[in-house]
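Subject: Handover of a structure

Dear colleague,

I am passing this structure on to you, and below it you will find what turned up when I went through it. Please read the notes with the structure open beside them.

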Amino acid sequence: MRTIGRLGELLVRTHHDFDPDRFIAPTARTKDAYGSFLGSQLGESHIVVLVAERDGEVVGYTYAGVEGRDYMSLRGPAGVLYDIVVDPAHRGRGIGRMLLDATLKALESRGVTQVVLSTAEKNAVAQRLFEHAGFRRTMVEMTRELKD
């Protein structure tokens, strides 16, 4: 889980760089904590964690789950893609799309008929990936800090 923890840390750092007021900052513990958290999810029947390997090295992963009706999101039961990360040294080779397609198949095999996700406003590359895979925009998150 150490490699996935490293990629999770990359996810946290990237989002924090996009908007440090909205996203948590990575810490010295992020890599181990993220890896431990994802490791704890592996035994859950409603969770999907997939990895992409190249020459025996983990170069990407997805983390998704099956959720029931959600009145906060005003949606019925759905698959939710929580994370998709590809190591920057391996991007542009179709790994993200392969992971996404495999994750959608895994969710579908669990009876899911709809998949939702959130992506950072500034993450244009991820948004293109999702749009090319057939996702459409349905919600806009807005954030306001309540500072003095």
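Two strands are taken to pair if DSSP finds at least two bridges between them, and the strands themselves are DSSP runs, numbered from the N terminus. With that in mind, G79 stands opposite V115 in strand 4, and three bridges join strand 3 to strand 4, the two running parallel. On its way from strand 3 to strand 4 the chain passes through helix 3, and the β-α-β crossover made in this way is right-handed. Please keep in mind throughout that this is a predicted model.

The other pairings are antiparallel. Strand 2 and strand 3 pair in that sense over eight bridges, and within this pairing E67 stands opposite A78 of strand 3, while G65 stands opposite V80, also in strand 3. Strand 1, which covers residues 47–54, is likewise joined to strand 2 by eight bridges and runs antiparallel to it, with V58 of strand 2 as the bridge partner of E53. The hairpin of strand 1 and strand 2 has two residues between the strands, and in this hairpin D55 takes a positive phi near 55 degrees.

As for how far these strands are covered, eight of the eleven residues of strand 2 (residues 57–67) are buried, and in strand 3 eight of the nine residues are buried.

Turning to helix 4, which spans residues 124–132, its buried residues are A126, Q127 and F130. Why do they lie on the same side of helix 4? The reason is that they cover an arc of only 100 degrees around the axis. These buried residues pack against strand 3 (78–86), helix 3 (95–108) and strand 4 (115–117), so that the elements of the crossover described above, strand 3, helix 3 and strand 4, meet helix 4 through its buried residues. The face turned away from the buried side carries V125 and H132, which are exposed. After helix 4 comes G134, whose phi is positive, near 100 degrees.

Is H15 buried or exposed? With a relative accessible area of 16%, H15 falls under the 20% cut-off and is therefore buried. Leaving aside its neighbours within four places in sequence, H15 is in contact with F23 and A120.

With best wishes

Key: Residues numbered from 1 in each chain as written. Predicted model: local features only at pLDDT ≥ 70, side-chain atom pairs only at ≥ 80, totals over all residues. Heavy atoms only, no water. Buried < 20%, exposed > 50% of the residue type's maximum accessible area, 1.4 Å probe, protein only. Helix = DSSP H or I, 4+ residues; strand = E, 2+ residues; numbered from the N terminus. Arc of directions from axis to C-beta. Contact = heavy atoms within 4.5 Å. Right-handed = clockwise from strand over helix to strand, strands pointing away.
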